Amino acid sequence: MEHSGKRFNTILFVFLLILFFLFLIPILLVLVNSFKGQLFISNAPFALPDATTFSGIDNYVNGVQKIDFFRAFGYSLFITVFSVAAIILFTSMTAWYITRVKSPVTSVLYYLFVFSMVVPFQMVMYTMVKVANVLRLDNPFGIIVIYLGFGAGLSVFMFSGFIKSVPVDIEESSVIDGCSPIQTFFLIVFPILRPTAITVAILNAMWVWNDFLLPYLVIGTKFRTIPIAIQYLQGGYGSRDMGALMAMLVLSIIPIIVFYLTCQKYIIKGVLAGAVKG
Amino acid sequence: MQKTLKKYFAVFALPTVIAFVIAFLVPFFMGVYLSFAKFTTVTNAKWVGTDNYVRAFSDSNFLNALGFTAKFTVVSVIAINVLAFLLALLLTRGIRGTNLFRTAFFMPNLIGGIVLGYIWQLLINGVLLNFGVDITFDASYGFWGLVVLMNWQMIGYMMIIYIAGIQNIPGDVIEAAQIDGATPRQTLLYVTIPLVMPSVTICTFLTLTNSFKLFDQNFALTGGAPARQSAMLALDIFNSFYGRMGYEGVGQAKAVVFFLLVAGIALVQLMLTRSREVEN
């Protein structure tokens, strides 16, 4: 019995190994094709590069110039870092306030935040872009306000859920000891919220970094984040440069893989917590 | 403390509330209003009653997108959950390399929809090349391409949730079943599956809403080709706003219908999770 169980596990191991390679094929395929001349991609995507089709890093040089990749990377990084920072800071403060202060205003706010979680982007897409234009928020700084506002629902909800489970006594004694609410929040409450803050940060970072439609409509004509730059490469020209497209796909996946492999533990925890609560 | 804190509304709540009003509340209510109006920019809106809704439901693109989305959602929810659950079972047996497999299977989930769409466009067109066509040849190619893409993206994520669910089952429950003479199949059917039902609910709704609201992948993979037949609801709404002159109001009406459908799904989920909490 023990022996046959082991053998069964070996079969399963081989099966998983095959599945593992099948899972990686799409990415490997793009990687391989990114080193081929652009004429040899669409008509023979499964062929490995050879002496005639190998093009070295031409596609990378070409693609980086065409879509100004590093500028796009800069915009993506800037918008993601500052939007996530703003979301963490402001929604945790808001969540603490509306959980601790019981009034009609705070409970209406809470329900509005929860309500906003079920509203799909398309519902507010057109009007949000108009409002952003009128208020001059159509730049990489302004879009942070949009992300804070549109991302507030889930983040406030998650922070509130955690704060409800934290006993209020610690905070009260800190106020009695002479701390102002601001000191109490940053010295006592925020450190306790750290695990939730990491979860909220991971979920929002994944959203903002990969988001396409919102930045495309709000700032896309002037400031291209990575997804917008990729889309531009695809549709902007008469004939599409498959080589550059492959190379830019590879360059846009690399940061994600690096981020994933370094923060894997937090990411898995984050999406698990997000799934259960969202 | 409540009294002291109450005075600090401007510090703690106001920044978020202002951003929330700008990015959500105003656009939402404006959107509801504009769905009953004819307009090309927001300032020249004229009330037309339910005209936009009538036109939305007589728009063959919209009805087609509705059908496509519904079919796509059902197929991908079932496929993703079955496959993710099977993978989770395999990866909780203590097989060698479990961590490596888990890492790899989850990874596609982090890649953005636009990039995913182009990755799969290359692969699928490469396969279809042998038959002399590409993915835009027929809407059913786009449909199955999207199903495969969605599976590749979401299986790992759902697998993680199922693994957590399976690992939460107390070991002695499984042991007790085995001592009582349950076969592995019986253990799975009568012990494991009933005990991971909370995970099943979570995963079903996550895949349901994600599939239903899909945009980026659809936009990049086929862009709705051929002739908008493979466009899902979100893409059809986008097309109405930005691809057709004089359809802004209709687009907004479609968006409201879309919102009601998504909200309906969320409501059902809420009721299901609530009723289960009572049972526990």
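Trainee: Is the crossing of α7(A) and α8(A) left-handed or right-handed?

Mentor: A crossing is left-handed if the near helix is turned anticlockwise from the far one by less than a right angle, and right-handed if clockwise. Here, the crossing of α7(A) and α8(A) is right-handed. Keep in mind that this is a predicted model, where local features need pLDDT of at least 70, side-chain atom pairs count only at pLDDT 80 or more, and totals for chains, interfaces and linings use all residues. Residues are numbered from 1 along each chain as its sequence is written, while chains are lettered from A and ligands numbered from 1 in the order in which they are written.

Trainee: Which residues of α7(A) and α8(A) make the contact?

Mentor: Two residues are in contact if their C-beta atoms, placed from the backbone, lie within 7 Å. From α7(A) come A:Ile170, A:Glu171, A:Ser174 and A:Val175, and from α8(A) come A:Thr184, A:Ile188 and A:Val189. They divide into four nonpolar, two polar and one charged; Ala, Val, Leu, Ile, Met, Phe, Trp, Tyr, Cys and Pro count as nonpolar, Asp, Glu, Lys and Arg as charged, and the others, Gly among them, as polar.

Trainee: How many residues of chain B are in contact with chain A?

Mentor: In chain B, 71 residues are in contact with 69 residues of chain A. Helix α3 (residues 14–34) of chain B gives the most to that side, with 14 residues; helices are DSSP runs (H or I, at least four residues), numbered from the N terminus. The side of chain B that touches chain A has 54 nonpolar, 11 polar and six charged residues.

Trainee: How far apart are the end C-alpha atoms of residues 12–32 of chain A?

Mentor: They are 29 Å apart, and the chain there is 100% helix and 0% strand.

Key
Helices (H or I, at least four residues) and strands (E, at least two) are DSSP runs, numbered from the N terminus.
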